[in-house]
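My entries follow in the order in which I looked.

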Amino acid sequence: MHGEYKVPGGKLVVADVAVQDDCLTQVSISGDFFLEPDTALDLINQALVGLPSTASQQQLAAAVTAALDENVMMFGFSAEAVAIAVRRALGKASSWLDHQFTLIPPVTLPAAMHVALDDVLAQSVAQGVRGPTLRFWDWDDSVVVIGYFQSVKNEVDMVAAKAANVAVVRRITGGGAMFMEPGNCITYSLTVPTSIVDGMSIEQSYKFLDTWVLEALAEVGIKAHYQPLNDIASQQGKIGGAAQKRFGTGVLVHHATLAYDIDADKMLQVLRTGREKLSDKGTTSAKKRVDPMRSQTGLSRDAIIEAFTQHFAQRHQAQTGDYLPEELASAKALVAEKFLTEDWLYKVR
């Protein structure tokens, strides 16, 4: 069995393994990495032979680490990378190449519907109704989408929000508040099996799942980088942030919102935390806290989304699709029964 893992910013690790009676009987690790002394490669292979084929990434990595002394230099890879390659060979972990993705272009729906669709599509992927999916949001209302663990009273000035006709919705993922008006930002959700990030830390998985968008940003003229834990930034400042939700069904939702053209003054009237962040930095102009993609690219929002879509389709196996009627029906029901209820909104007070 054969598995490969390209370390982000590092080298390729390849694992060829054989299994008998649920144990690893042969292991051959190779790749374009650097290892000194070279005899350490035999130690790595031998350390893995005899381990159960169900061994976790942590168990595999620990076995490799225990077999090497402090004089061994691993450059461009690590014990964890070896473990991920082995898990992929065993079929316990997967890569982008193992999946056929569905790409859903922007469909205009109330923002609360998109929040509900994160929940619904996770169920669809878990049940095998659809494969891994990348979808772009579009909406026709003004709304603050707060993170799962945020307090409404601490994050939003509800009086100001009501006066500005801005609704508030709690989403299923953690992270910070998203101030969303029609056309002011670019938001996408990626729904995938957790096997694709098997063996990665939470921090590593964020960067891994957004590698494609960093590349797409480069194509539209923005030299972006990931800023741990969950921010996407350029030399001019923060562009956006990402959030995740992992389900017990073996599926995760990863989404990100990138600023395109935000009315920062209105945003700060509504968001309490925005005011606090500005005061902490001694910033007097709200616009200094916003780094819209429009000014850095000179492109329309639609053109940027199209560039993102094309890049993802070229980089991965993807075909254009749409929401299923039953998914839209389920999302609509969830909006009424859950996402627009007071109990859900004030889940954290």
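**Entry 1: cores**

I began with Phe308 and listed its contacts beyond four places in sequence: Phe136, Ile186, Trp212, Val213, Ala216, Leu217, Leu258 and Met293. I note here that the model is a predicted one.

I then looked up the largest nonpolar core, which has 64 residues. Phe308 is among the members that touch the most others, together with Ile29, Val86 and Met293. I checked which element gives the most to this core and found H3, with 8 residues. Apart from this core I found another, of 25 residues, including Ile104, Val115, Trp137 and Val335. As a general reminder to myself, nonpolar side chains in soluble globular proteins tend to be buried together.

**Entry 2: helix H7**

Which residues of H7 are buried? In this helix, residues 202–209, I found Ser205, Tyr206, Phe208 and Leu209 buried. They lie on the same side of H7, because the arc they cover around the axis is only 170°. I recall that an α-helix has 3.6 residues a turn, so residues three or four places apart point the same way.

I next looked up what these buried residues pack against. The helices are H3 (79–89) and H8 (211–219). The strands are S11 (185–193), S12 (224–227), S14 (237–246) and S15 (251–259).

**Entry 3: second largest pocket**

I read off a volume of about 590 Å³ for the second largest pocket. Its lining has 20 residues, and the closest to the centre are Tyr5, Lys6, Arg88, Trp96 and Phe208.

I sorted the lining by element. S1 (2–6), H7 and H8 each give two or more residues, and S1 gives the most, with 5. By class I have 8 nonpolar, 6 polar and 6 charged residues in the lining.

Is Thr102 buried or exposed? I found Thr102 in strand S6, residues 101–108. Thr102 counts as buried because its relative accessible area is 14%, under the 20% cut-off. Beyond four places in sequence, Thr102 is in contact with Arg130, Pro132, Thr133, Leu134, Gln319 and Gly321.

Ser124 sits in helix H4, residues 111–126. Its relative accessibility is 7%, so I put Ser124 down as buried too. With residues up to four places away left out, Ser124 touches Val129, Arg130 and Glu327. Arg130 is therefore a contact of Thr102 and of Ser124.

Methods. Residues numbered from 1 in each chain as written. Predicted model: local features only at pLDDT ≥ 70, side-chain atom pairs only at ≥ 80, totals over all residues. Heavy atoms only, no water. Helix = DSSP H or I, 4+ residues; strand = E, 2+ residues; numbered from the N terminus. Buried < 20%, exposed > 50% of the residue type's maximum accessible area, 1.4 Å probe, protein only. Contact = heavy atoms within 4.5 Å. Arc of directions from axis to C-beta. Core = buried A, V, L, I, M, F, W, Y, C linked by side-chain atoms within 4.5 Å. 1 Å grid on protein atoms, 1.4 Å probe; cavity = no way out; pocket = protein on both sides within 12 Å on 5 of 7 lines; lining within 4 Å. Points joined across faces, edges and corners; volume = space filled by probe spheres on them. Nonpolar A, V, L, I, M, F, W, Y, C, P; charged D, E, K, R; others polar.
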